[in-house]
Amino acid sequence: MTAPDRDADLLLNAYVDGELDAMAALEVERRLAADTALAERHAQLTALRRRLRSALPAEPAPPRLHEALARLGPGQMVPPAQVVSPSPRRPAMPRPMSNVRSALARQGGWRAAAAVLFGVALGSSATLLLRPVAEPPVMAEAVADHLRASLAPQPFDVASSDRHTVKPWFAGRLPFTPRVFDLAEAGFPLAGGRVDVLDGAPAATLVFRHGQHVISLIAQPVVTERGQRPAAGGARFGFELRSWRDGGMAYWAVSDVTADELDRFVAAARAKLMEGS
Amino acid sequence: MTEDELRRLYAERILPNVDPAYRLARWLARSPTDAEDIVQDAALRAFRSLPDLRASDGRAWFLAIVRRCAFTFLARNRPNELVQWDAAEAPEAAAAARGDAFGAAPPATPEAEVLAAEQSVRFETAVDGLPLPFRAVLVLREIDGFSYAEIATILDIPIGTVMSRLARARAVLMDAFAEDRT
């Protein structure tokens, strides 16, 4: 197709789509009257569009999707019984990053758990955006990162309980080297890792399992302060949150486990960090 | 932004566009069930972006978020499809598009042939077989009737690119079905 032909073709398509102003449309109509080849092309184009309209119907989203999104408004909580039902539907194509699949990342249990988090946490989701003035925004961000990961098909980008797999995975993706460890002996096996963003800077997140629950341990280097601090925190937006500093790193532990269980996790994690790698 | 305002904006800007959002996700990901995940992810992101919403942003705003989530999904699961995105203007791409629209192997059995004669099945297959850059503009225009400007916003490409990809996608389909006389 020559350049003028290409332009004529674009013009014809734009005419058919009602994208031309009155003067340009008038010009096209004049050309159609004078040029039989162009008129033929116009007829083919309108015929194609007519057939596409009947062949590609405007299929609505399934009711369960509408329901799930309607629940996602502030102040709308849904009891767990109305959870989106798990459906068998993972793509046959293997995901490039995860070769090791932990039992947790399987469809049914995970979608149900995610939907409960969805319903419970998003009831107060408006507060995720209306940060309490006195509190550093990173607290809300840490919870939001955990929540977002919980809603994904799996809460980690690298799935492995082996720190020798997870640690190098971080190496290519972060400007710092996070401590990677397993707490299986304390009842919190490592499930994988992911990269999060906190306060505009990258953070390393280790994902641990505890029964049906997931704990995110987010770590980020602290630029200004040294030294240790006791773990502060409490309940935030339906989750338990603890944050502390050890050496040059700031840590946030977020989960929907009980306060006691998260305290146990934090104690185990800090002990491990103290051990040195 | 107050909780009431957030609720109102969510109901005005996101909820009414769930059907077009699902359709876009479904055609980009080529999978109805993956489309649901994509739209849920997009709704969450859109909700968190509501404070940044401008009065001038139309329905294309939410669809653009859906498109980004779909691309994230493709990047993770089918990265080779995304590679086509920038290369679509090259001449080879149009030739490849023609090949893809003829698409799946010809029907093997008489029964399959009868089925394939169903016009809608053939068209759906042909559109499904179009490479991503052409498929995206075509479904946005033909199924939900988005304007060129809206398509440009949703796909984050210049209007000229919208026009050329649309014209090409239609040319490919017209070639593919030229022998039909219905």
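In chain A, strand E2 (residues 190-198) and strand E3 (residues 201-210) run antiparallel and are joined by eight bridges. Leu198(A) stands opposite Ala201(A) of E3(A), and in this hairpin, which has two residues between its strands, Asp199(A) adopts a positive phi near 55°. E2(A) also pairs with strand E1 (residues 158-159) of chain A, again in the antiparallel sense, although here over two bridges; within that pairing, Ala159(A) has Gly192(A) of E2(A) as its bridge partner. E2(A) is mostly covered, with seven of its nine residues buried.

From the strands we turn to a helix of chain A. Helix H1 (residues 3-16) of chain A comprises 14 residues and reaches 20 Å from its first C-alpha to its last, close to the 20 Å expected at 1.5 Å a residue. Its buried residues are Ala8(A), Asp9(A), Leu12(A), Asn13(A), Ala14(A) and Val16(A). What covers these buried residues of H1(A)? The cover includes helix H2 (22-34) and helix H3 (36-55) of chain A, together with helix H10 (148-155) and helix H11 (159-176) of chain B, so that both chains contribute to it. Just after H1(A), Gly18(A) takes a positive phi of about 65°.

Chain B, which supplies part of that cover, has 11 helices and zero strands. Of the 182 residues in chain B, 52% are buried, and among its contacts with a separation of 6 or more, 73% are between residues 24 or more positions apart. The chain exposes about 7,800 Å², of which carbon and sulfur atoms supply 54%.

Confidence in chain B is highest in H10(B), at 96, and lowest in helix H6 (residues 91-102) of chain B, at a mean of 49. Over residues 99-108 of chain B the pLDDT is below 50, and this stretch has 11 contacts in the model beyond near neighbours in sequence. Where pLDDT is low, the predicted coordinates should not be read in detail. For the complex, the predictor gives an ipTM of 0.81 and a pTM of 0.53.

Note on methods: Residues numbered from 1 in each chain as written. Chains lettered and ligands numbered in written order. Predicted model: local features only at pLDDT ≥ 70, side-chain atom pairs only at ≥ 80, totals over all residues. Heavy atoms only, no water. Helix = DSSP H or I, 4+ residues; strand = E, 2+ residues; numbered from the N terminus. Expected span 1.5 Å × (residues − 1). Buried < 20%, exposed > 50% of the residue type's maximum accessible area, 1.4 Å probe, protein only. Contact = heavy atoms within 4.5 Å. Areas by Shrake-Rupley, 256 points an atom, 1.4 Å probe, with all protein chains shown as cover. Pairing = 2+ DSSP bridges. pLDDT = per-residue confidence, 0-100.
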